[in-house]
Amino acid sequence: MTDGPDFSLADVAREGLIEPSGAEPASHDGTGRVDLAFTIHSLTEGGAEAPPTQRGVRVPPGVTVFDAASWNGIAIDSTCGGHGTCHKCKIRVEGGQVPITRHDVRTFSSEQIAAGWRLGCLVQATRDLTVEVPPLTTRPKAATVGIGRQVILRPALQKRYVELEEATLADQRTDLVRLTDAIEDLELTADLHVLRRLSTVLREADFKVTAVIVDEDLIDVEPGDTTAARYAIAFDLGTTTVVGTLLDVGTGTPLAVTSMLNKQQPFGGDVISRISATMMDKDTLGRLQQAAGATLAELAGQVCREAGIDPAQVYEVAIAGNATMTALALGIDPEPLGVAPFVMSSAQPPSVLASELGLTLHPRARAFFFPALGAYVGGDIVAGMLATGMDRDKRTRLFIDVGTNCEIVLSDGDTILSTAAPAGPAFEGGAIRCGMRAADGAIEVIKLDPNALGEEPAVTLGVIGDVEPRGLCGSGLVDAVAELVRVGLLDSSGRLVPDESAKEIAPALADRMAKVGEERVFLLHRPTPQTEPAECVYLSQRDVRELQFAKAAISTGWTLLLEQLGLEHRDIQQVLLAGSFGSYLSPASAVRIGLVPKLPVLRIVAAGNVAGEGAKMALLSVRERAGAQALLEEVAYVELSDRPDFNDKFVEQLSF
């Protein structure tokens, strides 16, 4: 290797950050956050300029404007992904001076530089800035994920096409050295699979080959130029439902997505049932592992067929699941997770070959599992925090993944706390008289009019599939209780009011108060006036109690976290409702029953399948993957069952 110029590595750690003489970067101590005010210009489909939008974000000092925008879903032109080489990420910084780089000088005129135009990937946010973003002219080399975040494409999976010189008597380097010398920016290691193929592939391909690399592991050598075929699959390994997304990691584009019920369902609908099954029969662990593998394999096959992709061109998978699902997929005994003191075998599952999980993809495809914070705050929540940027925002934010086991994360911008609350099966439709999962025929939205007259409907139902109602799913349950509280047919203790009171409070709804056996119910759907109450879709007094206990557990969880950080309800600036249930939950209903803090509904955001989004991010960016690992150090877990005041708080939260 020849001697190069004398320079400091710190000066060129990121290409383009060498300042012209006389330009001093702004200094900062690395603490706190800086405010960036973005004015974003865009074009309509017809090419006309649309009204600009305003966005304010807070980021750690030293982050580039390009990265700050990408983290928060603000698209800035780029084809190099923020490396400083394409000269397309043009922005205008208003007011004050920012350093001028040599790339800025080559990109802009002196008048433009004086007006504040800079390349966004080279402007470090060391203080508050006001930034103008022009309309996009090219597709950014970034993938939009989560609730608007963008990920800079820096995948662990790479392909490098090389044309090598053939060996001669004067050049007797080994085939492996010949290949690795051609890829000098990486310290490649090769396993036996590669060595068995290497010599044959090189000679059959006339020494024109593509090296397939994951991190710095050379996992294959393919004949010719196959750099365009780089695929990976992101899995959200849920207790009930598993979702698979096929990605082109070269562009960050999802090519196909599908979901199916977890094949572990026959062993129980929740993690405790499945843990118990392994404790009662030692052979059950193997069967549960096979069921998890079969689920993942079937989904992988479906997404590859849908996209017309050869499964052998899928080189990596990422899996986000709770601690129990991860343990079962890997064949690790889950019993310690189900009994006090609830201990995991490891917070960071090992990277394994996808074939070891039962997946038929590339023979050396790798499987990455997300790390877990605790036995009941697992990799799916770490993936969700990654997708929603819980560690990158100065705002006070509350993250709630509502389910049988409800995971809660609270951040005040500096400290992040997490906990888990045993909500029970009510939100999944379990333990509810007419409960069902969110499938065709499930009531998901309910509106009550206590004073409806004539032809006006007193009860308006939203039913999945627009078919005859068959039952009540979780979001419908919350809506039903919230509406009954709103109109006064449920008192603050959760008791259905007497029939006499119902006639006075809500005359149009009083005839829907009935009994099934000795239990009082409210009829949500009665096919005919003659239909017996037991044959109707109804909400029972017991259903209300189930929801009360579930919402009390959740609200106790976030209340205790707020107290630990010295915060009040009004201090929360955003609530993120995660998971499939959270996506369909009415924010107003959640506030009305006390499931979330009493806040303006615009502060409550449906975050969607953030676990799956986090898995996609891990495949698209090594930086994001490292961020998931860093969360283990940044997030403190709070064990609710260890709190002496838990029971008192729980009782306080029972009322509506």
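A residue is called buried when its relative accessible area is under 20%, and exposed when that value is over 50%. Leucine L357 has a relative accessibility of 9%, so L357 counts as buried. The model in which this residue sits is a predicted one.

L357 belongs to the loop between β16 and β17, the latter being residues 366-369. Leaving out residues up to four places away in sequence, L357 touches G293, I319, A329, L330, V352, A367 and F369. A further residue to look for is A292, which is 65 residues from L357 in sequence. In space, the C-alpha atoms of L357 and A292 are 8.2 Å apart.

The whole chain can be described in the same terms. Of its 656 residues, 54% are buried. The secondary structure comes to 18 helices and 29 strands. Among contacts between residues at least 6 apart in sequence, 66% join residues at least 24 apart. The chain exposes about 28,300 Å², and carbon and sulfur atoms supply 51% of that area.

The loop between α5 (192-204) and β10 (208-214) contains F207. The phi angle of F207 is near 60°, which is a positive value in a residue other than glycine. F207 has 4% relative accessibility and therefore counts as buried.

A second residue with this feature is D466, whose phi is near 50°, again positive in a residue other than glycine. D466 is found in the loop between β22 (459-463) and β23 (471-472). Is D466 buried or exposed? Its relative accessibility is 74%, so D466 counts as exposed.

The bond from A340 to P341 is cis, with omega near 10°. P341 lies in the loop that runs between α9 (335-338) and β16 (352-353).

E165 counts as exposed because its relative accessibility is 64%, and the cut-off for exposed is over 50%.

The last stop is S475, in helix α11, which covers residues 474-487. S475 has a relative accessible area of 4% and is therefore buried. What does S475 contact, leaving aside its neighbours within four places in sequence? Its contacts are E444, F581, Y584 and L585.

Conventions: Residues are numbered from 1 along each chain as its sequence is written. This is a predicted model: local features need pLDDT of at least 70, side-chain atom pairs count only at pLDDT 80 or more; totals for chains, interfaces and linings use all residues. Side-chain values use heavy atoms; hydrogens and water are left out. Helices (H or I, at least four residues) and strands (E, at least two) are DSSP runs, numbered from the N terminus. Buried means under 20% relative accessible area, exposed over 50%, partly exposed in between (1.4 Å probe, protein chains only). Contact means heavy atoms within 4.5 Å. Accessible areas come from the Shrake-Rupley method with a 1.4 Å probe; for residues, only the protein chains shown count as cover.
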